[in-house]
Amino acid sequence: MNGLYDEFRVAVHSVWTRRWLVLAVAWGICILGWLGIASIPNRYDSRARLLVDVNQILPDDAQGGSFGGRQQIDQIRETLTSARNLEKVATTTGLIPAGAGEREKAGAVAMLQKNIKILPQQDNIFEITSSVGIGSLSDADNAKLASGVLDSLITVFRDDQLRGGRVDAREGLKFLDSQIADREKSLREIEARRAAFEAQNIGLIPGGAGSPAQRVDAARAELSQIETQLVAAQAALAAANGQLASTPATVPGAGGVGGGVARQQLAGAQNELASMRARGLTDAHPDVIALKSQIASLKAQADREGNGGGGGMQNPAYSSLAAMRAERQATVSALSARKAQLTGDIARITSQQIQNPGIAAEYDRINGEYTAQKAQYDKLLAQREQVRLRGDVQTETDAIRIELLDPPSKPTSPAAPNRPLFLTLVLLAGIGGGIGAAFGLAQVRTSYATAAKLERASGLPVIGSITEVVTPDRHVERRKRLVWLAGGGAALVGLYALLLVAEFVQRGMVA
């Protein structure tokens with residue numbers, strides 16, 4: 001423990017014997033450090049909070065692409081500090097002098113982009129901070145410029161957004177009109193090519209809308225429906241024939257119609273049977289079998305009428321069933337005719353595709369090109385209507401509402417650098433540097449402050465030591481130098497205090 005204490009005393013003695021070196025180094029470090037701090041311009045920060053709300057009158061699908069509410073907020077966030085807006089801000093605040101070149105403009109814009117920060121607090125609330133610290137300007141001018149930059153930025157942004165929506169709508173309509181005109185011209189050219197191709201290959205290309213493959217698919221789909229309907233109609237006709245066969249044509253009663261009714265019905269049934277056979281129906285067909293059964297019944301009635309087998313009146317139920325059967329027969333005939341027509345169309349188109357594959361492929365290609373162009377044309381028309389509606393909304397109302405929640409603050413004290421802290425750190429660094437220099441010099445230039453240290457270093461016994469005798473004149477001289485040393489140290493501390501006072505006075509002048 002005594003050894004450590006002795007080492008501490010030796011170190012303090014070595015520093016004290018070089019106290020003027022400590023003072024000189026401290027002055028040098030402090031002067032250089034304080035000059036460096038003085039060369040750093042004060043930076044002043046101004047803050048503002050901005051609310052940007054989209055007046056979304058139209059639904060999202062009518063806003064059109066990048067004009068939707070959420071996407072528009074993102075676009076506003078990105079364009080708030082665009083180069084175009086910042087150039088206007090720099091011109092308004094005087095950062096770009098009159099007649100400045102492109103290089104000076106680019107430098108001012110880059111400085112603003114670096115010193116303007118935007119922090120989104122919510123989806124549509126932004127905190128904007130501008131930092132200004134230009135060495136050629138005074139502190140008051142820097143503080144005023146910091147809030148002026150935000151004022152100008154918000155004004156430019158508000159005007160740009162209010163005008164930009166209408167300008168974007170007009171530009172969008174102009175672009176869409178040109179695209180629609182190009183698509184319309186292309187459609188006319190394709191229609192002319194298709195008409196010329198059809199004229200050159202007349203008879204090889206069936207009429208109708210769509211390509212041959214599309215018409216075949218449509219015919220097959222319709223044929224499937226016709227076949228289903230035909231089966232149902234034939235079943236209904238067979239049921240009507242069965243009911244008619246089991247229903248008597250006349251009922252007995254006085255005042256009935258005279259003879260000849262059964263013969264007339266028999267003649268009609270025989271004519272109908274001949275018509276069925278003409279259409280190709282065989283005797284095994286259910287309709288033919290039912291009709292033959294009806295003819296046999298009518299023959300028996302006709303024979304009874306011829307033999308005077310009593311009179312009777314016509315059966316109303318029989319007449320109603322006969323009319324129903326006639327209607328269903330007409331339906332079956334129409335469906336059979338349509339089925340035969342569709343079958344013939346499919347066979348004809350397929351045959352033409354097989355015989356002329358190149359013509360069919362070219363015709364399909366022309367039709368496909370027309371379909372694609374028509375789809376694009378219709379899509380552009382729909383987009384143009386959406387843009388027109390959006391432009392009307394922005395003309396009649398404010399599509400974007402910009403509200404200043406907190407106006408730009410007026411900075412009264414610099415945000416950076418923290419001069420009082422830096423001045424104090426430089427003072428401490430100067431004192432520590434002086435002490436370190438003295439201690440380091442003592443280590444280089446070896447001396448022995450005590451006899452024990454000399455004995456340890458030499459390895460020889462030290463017999464004794466002689467104490468320094470200070471004369472009165474020497475004592476006075478030492479006191480004078482000590483006063484000078486204290487004055488130098490006090491001057492250093494006084495300069496530090498003076499710099500602190502000047503810093504606070506300068507801040508008060510800015511406020």
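Let's start on the surface, where Leu421, Phe422, Leu425 and Leu428 form a nonpolar patch with about 360 Å² of accessible area together. Keep in mind as you look around that this is a predicted model. Phe422 belongs to helix α13, which covers residues 419-444. With a relative accessible area of 32%, Phe422 is partly exposed.

Helix α13 also takes part in a charged contact. Glu503 and Arg419 meet through their side chains in a salt bridge, at 3.5 Å from N to O. Because Glu503 lies in helix α15 (residues 472-510) and Arg419 in helix α13, the pair ties together parts that are 84 residues apart in sequence. Are these two residues, Glu503 and Arg419, buried or exposed? Both are buried.

Stay with helix α15 for another pair. Here the side chains of Arg481 and Glu477 form a salt bridge, 3.0 Å from N to O. These two residues are four apart in helix α15, so about one helical turn separates Arg481 from Glu477. Arg481 counts as partly exposed at 40% relative accessibility, and Glu477 counts as partly exposed at 33%. Elsewhere, salt bridges that share partners join Arg193, Arg365 and Glu369 into one network.

In general, side chains of opposite charge can pair when their charged atoms come close. A search of the whole structure finds 11 salt bridges. One of them links Arg49 with Asp406, whose closest N and O atoms are 3.2 Å apart. Since Arg49 sits in strand β1 (residues 44-54) and Asp406 in strand β6 (residues 400-406), this pair ties together parts that are 357 residues apart in sequence. Arg49 is partly exposed, with a relative accessible area of 25%, and Asp406 also counts as partly exposed, at 31%.

Now turn to helix α6, residues 102-115. Within α6, Ala108, Val109 and Leu112 are buried. These three cover an arc of only 95° around the axis, which puts them on the same side of α6. On the other side of α6 you will find Arg103 and Lys114, which are exposed.

Our last stop is Asn142, in helix α7 (residues 139-200). At 1% relative accessibility, Asn142 counts as buried, because the cut-off for that label is under 20%. Which residues does Asn142 touch, leaving aside those up to four places away in sequence? The contacts of Asn142 are Asn42, Tyr44, Val132, Gly133, Ile134 and Leu137.

Terms used. Residues numbered from 1 in each chain as written. Predicted model: local features only at pLDDT ≥ 70, side-chain atom pairs only at ≥ 80, totals over all residues. Heavy atoms only, no water. Buried < 20%, exposed > 50% of the residue type's maximum accessible area, 1.4 Å probe, protein only. Arc of directions from axis to C-beta. Contact = heavy atoms within 4.5 Å. Patch = residues over 30% accessible without salt bridge, like charges linked within 9 Å, V, L, I, M, F, W, Y side chains within 5 Å. Areas by Shrake-Rupley, 256 points an atom, 1.4 Å probe, with all protein chains shown as cover. Salt bridge = Lys/Arg side-chain N within 4 Å of Asp/Glu carboxyl O.
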